[in-house]
Amino acid sequence: MTSPSSPSLAGALAAGPVVLDGGLSNQLESAGYDLSDALWSARLLAERPEAIVAAHLAYYEAGASVAITSSYQATFEGFARRGISRGRAAELLALSVESAREAARRAAAKGVPGPLWVAASAGPYGAMLADGSEYRGRYGLTVAELEAFHRPRLEVLAAAGPDVLALETVPDTDEARALLRAVRGLGVPAWLSYSVAGDRTRAGQPLEEAFALAADADEIVAVGVNCCAPEDVGPAVALAARVTGKPVVAYPNSGESWDAGARAWRGAATFTADRVAGWERAGARLIGGCCRVGPDRIAALAAAVRH
């Protein structure tokens with residue numbers, strides 16, 4: 001758990017690598033919760049917040065130092081479709097941060113060494129649509145319209161007191177520009193991570209161009225990739241470090257592929273702890289996992305990072 005005397009996350013990154021958690025949704029599903037819902041894990045903020053605390057705790061106990069909140073798919077618009085008022089939606093967004101804080105307190109009480117940080121997740125506009133467009137980008141909105149969508153949610157998350165904002169799974173440079181504008185003046189540092197395919201964003205822009213947007217943004221303490229194939233991480237990390245000069249964040253998926261027709265995962269997992277050394281050498285400082293990376297893999301990753 002962080003305290004006024006704890007180092008900032010940015011300070012910790014200057015000293016060496018920090019371990020992120022893994023996929024929150026797969027941990028909740030493994031505990032028996034059905035997340036086949038447009039709100040995804042955010043639905044449990046309203047229905048079973050204790051389940052979210054338990055999922056965060058499992059990752060802290062596995063060796064993660066940073067928990068990413070359940071607010072990825074939590075938006076005012078998405079909650080409104082369920083008849084949830086704007087005021088209640090703001091309470092649930094704040095609860096996502098408090099749930100991770102509570103998990104950190106429980107982890108500390110169990111002897112998990114700190115500091116333990118909380119990253120408030122802000123997913124892309126497409127995550128709210130719940131139609132897969134978060135992996136395509138190019139929604140037909142202007143940068144100003146995207147900024148207007150993101151800013152109110154980021155204001156509420158920032159006011160809840162996270163250590164950092166996770167601007168994650170960003171599919172294109174337009175949305176990155178909007179997010180970089182939306183975090184200005186909030187008083188909370190942020191990281192920016194793209195979802196990529198090879199050497200391009202999911203929308204097809206060159207990663208060099210995408211990373212360069214964050215190079216001079218004072219609010220951004222790390223830049224990198226998430227929700228991508230493990231094989232894409234190494235080159236992307238090296239490029240992000242070269243282009244921005246900032247610490248790099250990397251948390252890929254397990255490596256399996258989703259068969260939408262069969263609604264099933266196919267292939268073998270390629271996320272392995274022995275990849276971590278190469279990512280570190282390339283400049284990765286915030287390292288974890290995304291979809292289908294559970295506490296067991298984070299434990300192995302943490303052991304590799306701290307070796």
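Modeller: The general idea is that rolling a probe the size of a water molecule over the atoms shows where empty space is left. Here the second largest cavity has a volume of about 30 Å³; a cavity is a set of points, on a 1 Å grid over the protein atoms alone, where a 1.4 Å probe fits but cannot get out, and its volume is the space filled by probe spheres set on the points, which are joined across faces, edges and corners. This is a predicted model, in which local features need pLDDT of at least 70 and side-chain atom pairs count only at pLDDT 80 or more, while totals for chains, interfaces and linings use all residues. Residues are numbered from 1 along each chain as its sequence is written, and side-chain values use heavy atoms, with hydrogens and water left out.

Colleague: How many cavities of 30 Å³ or more does a search of the whole structure find, and which residues line the second largest cavity?

Modeller: The search finds two cavities of 30 Å³ or more. The second largest cavity is lined (an atom within 4 Å of a point) by Arg138, Tyr139, Gly140, Leu141, Leu146, Asp172 and Asp174. By class, this lining has three nonpolar, one polar and three charged residues, where Ala, Val, Leu, Ile, Met, Phe, Trp, Tyr, Cys and Pro count as nonpolar, Asp, Glu, Lys and Arg as charged, and the others, Gly among them, as polar.

Colleague: At what angle do the axes of H8 and H9 cross?

Modeller: The axes of H8 (residues 143-159) and H9 (residues 173-182) cross at roughly 45 degrees and come within 8 Å; axes are lines fitted to C-alpha atoms over the stretch in contact, and angles run from 0 to 180 degrees between N-to-C directions. H8 and H9 are therefore oblique to each other, since angles under 35 degrees count as roughly parallel, over 145 as roughly antiparallel, 65 to 115 as roughly perpendicular and the rest as oblique. The contact (heavy atoms within 4.5 Å) includes Leu146 of H8 and Asp174 of H9, and its residues divide into seven nonpolar, one polar and six charged.

Colleague: How do H6 and H8 pack, and which residues of H8 make the contact?

Modeller: H6 and H8 pack at an angle of about 50 degrees, with their axes 8 Å apart, and are therefore oblique to each other. On H8 the contact is made by Pro152, Arg153, Val156 and Leu157, while Arg86 and Ala90 are among the residues of H6.

Technical notes:
1 Å grid on protein atoms, 1.4 Å probe; cavity = no way out; pocket = protein on both sides within 12 Å on 5 of 7 lines; lining within 4 Å. Helix = DSSP H or I, 4+ residues; strand = E, 2+ residues; numbered from the N terminus.
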